[in-house]
Amino acid sequence: MGCIESRKIRKQKLEESIRAAIFIQKWFRRHQARQEMRKRCNWQIFQNVEYACEQDQAELYKFFNDLIKHMPQAAEAGNKSNSQRCSGLEKSGTLYEESGDMARIELTVPIQKSHIDLLIDVFRKKRGNRLHPKYVCLILREAAKSLKQMPNLWMVSTAVSQQVTICGDLHGKLDDLLVVLYKNGLPSASNPYVFNGDFVDRGKRGLEVFLLLLSLYLAFPNAVFLNRGNHEDSVMNARYGFIREVEGKYPRNHKYLLSLIDEVYRWLPLGSILNNRVLIVHGGFSDTTNLDLIKSIDRGKYVSILRPPLMDGEALDKAEWQQIFDVMWSDPQASQGCKPNQLRGAGVWFGPDTTESFLKRHRLSYVIRSHECKPNGHEFMHDNKVITIFSASNYYAIGSNKGAYMRLNNQLVPHFVQYISAASQTKELSFKQRMGIVECAALKELAVRMREHRDELEEEFQKYDPDDSGCITIAKWCFVMESVTKLGLPWRLLREKLAPGTDSQSVNYIRTLDLLDTDVIMKAEADGTSVMDALYANKASLETIFNIIDADHSGEITLDEFEKAIDLLVAHMPGVYSKNEMLEKCRMMDLNGDGKVDLNEFLEAFRLSDLHRKEQQEEYLRKRSTTKSIISQHPSDSVTKLADKISKNMVLIEQDIDPTDCEAKDVGQRS
């Protein structure tokens, strides 16, 4: 009897243990699923906001393309600003002494390995890391002269080295470049490198990355191959930070230095071919990409890819222009076909069938490209025939992604090394803390983007709130968020973050608007660069538009010339303004009242227009702060807490770069 009772107790305990194990397992799986959902949601925010910003910038390309298509004088007369602009290599600029600490090193031609060691030692320091302007000029000039002699597509071989290393986007992340050089060694005849574009923008050390890469190329000319990316473009630099970085580091010499940087950009090759079997380009290709045509393009006239390279007496070859666009801006897709890339606003999405056809047509084995941030630093697509490599770790935020570089042996078998730079900053953080940092960074990026549409959001919210209660249904809130921002995000999942503290049946949209008006979001917006800021900062784009409208090339635009341009714009590019409204705006550009608009008046009109826009925004916020209803007079505690959390997670400690402070591992062919 006792034995039977004992067996029953053991059986009962076993069943309880199994039920407990199943419960824990279910809980753990739900927890893991929620964490994965959060990670994917954050990643989608980062990517969609990034691509939406690039889409804004690509609209400039579309605008130029439409002008050229519908205005005959644009193709016939050309761009005076381009034809008259003297090459940066031909200009003898005067250099001025800069204030502040300068590195006490000397560089001479030719650049040698000893100079590389000096540059790395200087650049990695937190302070005193600026070269004298004359040495910056020396590197830029020598690199442009040398690159000018190179073909449009580098021909890379592993016959001697038996292997080659390929790096993707660095985007001003000097710490990642130094990690790669530390782990993989400096370039040499037995250790060649291909750097696949997007060296600058977004990161704070873009100039140092660019100068170090150019110096490596000059020191090891047969072992370093530099491909151009879509961010090696002054129009992109005006929007994404590199021009501001150069201005900040060399305030008295930035104009001349930027002209030399443009010279380097225009002569950077468009891609590389490895062992005649592997194509390495920044973005990708389309169903019309022709490598023979790309090899024959005069790439020197494409100072900016987003601005048409019109020359006197020479019509723009739009098919040629499109070839360059497609290799710089395109992305692979899982589905078949080739279609315009609506997410970026430039280039195409190309499918497995397009890849198969392209490889067969050019007798290639596979393609290596960059251009897209990947969580693990690399990705295979199209039956392993398209490989993406991305080398900037912590790209969106600390812990957001790993960087990677790849090595190919003589049989072209890929081997990957993943890494995270500045690893000590995350080692002591828990998973929850790391996730919080990434999540706050994603919310900040999203909120800054939403602020661009703040007035429109409020107007649309109020349409669904006739009682002025401050609340609308979840479905209507999601509809407004998507219809206004067009970001394609999972808004239901984001409701708790963007309208914190609301119930499960409705959304207090006032809290969404309050979040956009917090100091941390407004400061982040002020620190960024709008499309209008970028367009005005890159005056060459405005000069191009001016010279296209100036049909008789008199240096002044008459009302008749404006009217002809408007007729074409209204007919082929319909917008929100009528012809009379647009003519009135043109008359307002005539600041001195002489009936004509010269280039200075044209540029000044854009500046004043943007200034007025910003003043209107500030005035609206001041007015709104004094007329808020009681329900929104003070941001709720939940909004304040979220804003404080975002602010605290944005603080980073700047210190000397230590390339040994990294986590790296070999992951072989697949991670």
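## Helix α6 and the residue after it

Directly after α6, G185 adopts a positive phi of about 90°. Helices here are DSSP runs of H or I with at least four residues, strands are runs of E with at least two, and both are numbered from the N terminus. Helix α6 spans residues 174-184 and is mostly covered, nine of its eleven residues being buried. Buried means under 20% relative accessible area, exposed means over 50%, and partly exposed lies in between, with a 1.4 Å probe and protein chains only. The buried residues of α6 include L174, D175, D176 and N184.

## Basis of the description

The model is predicted: local features need pLDDT of at least 70, side-chain atom pairs count only at pLDDT 80 or more, and totals for chains, interfaces and linings use all residues. Residues are numbered from 1 along each chain as its sequence is written, and side-chain values use heavy atoms, with hydrogens and water left out.

## Packing of α5 and α10

Two packed helices are described by the angle between their axes and the distance between the axes. The axes of α5 (residues 133-147) and α10 (residues 254-267) come within 8 Å and cross at roughly 20°. This makes α5 roughly parallel to α10. Axes are lines fitted to C-alpha atoms, for helices over the stretch in contact, with angles from 0 to 180 degrees between N-to-C directions; under 35 degrees counts as roughly parallel, over 145 as roughly antiparallel, 65 to 115 as roughly perpendicular, and the rest as oblique.

Contact means heavy atoms within 4.5 Å. On the α5 side, the residues that meet α10 include P133, V136, C137 and L140, while those of α10 include Y256, L257, L260 and W267.

## Aromatic rings

The structure holds 17 aromatic pairs. In one of them, F380 and F416 have ring centres 5.6 Å apart and planes at 85°, so the pair is edge-to-face. Because F380 lies in strand β11 and F416 in strand β14 (residues 414-421), this pair ties together parts that are 36 residues apart in sequence. Rings of Phe, Tyr and Trp (its six-membered ring) pair if their centres lie within 6.5 Å; planes under 30 degrees apart count as stacked, over 60 as edge-to-face, and the rest as tilted. F380 is buried at a relative accessible area of 16%, and F416 is buried at 0%. One aromatic cluster is formed by F46, F390, Y395 and Y396.

## Two arginines and Y240

The charged end of R202 sits over the ring of Y240, 4.6 Å from its centre. R239 also lies over the face of Y240, at 5.8 Å from the ring centre. A charge sits over a ring if NZ of Lys or CZ of Arg is within 6 Å of the ring centre and within 35 degrees of the ring normal.

R202 belongs to the loop between β3 (193-195) and α7 (206-219). Although R202 is not a glycine, its phi is positive, at about 75°. With 30% relative accessibility, R202 counts as partly exposed.

## Other loop residues

H371, in the loop between β10 (366-369) and β11 (378-381), has a positive phi of about 75° although it is not a glycine. At 4% relative accessibility, H371 is buried. In the loop between α3 (80-84) and α4 (113-123) lies P110, and the peptide bond from V109 to P110 is cis, with omega near 5°.

Q333 occupies the loop between β7 (331-332) and β8 (338-340). Q333 is buried, with a relative accessible area of 9%. Apart from neighbours within four places in sequence, the contacts of Q333 include C338, W349, F350 and H382.
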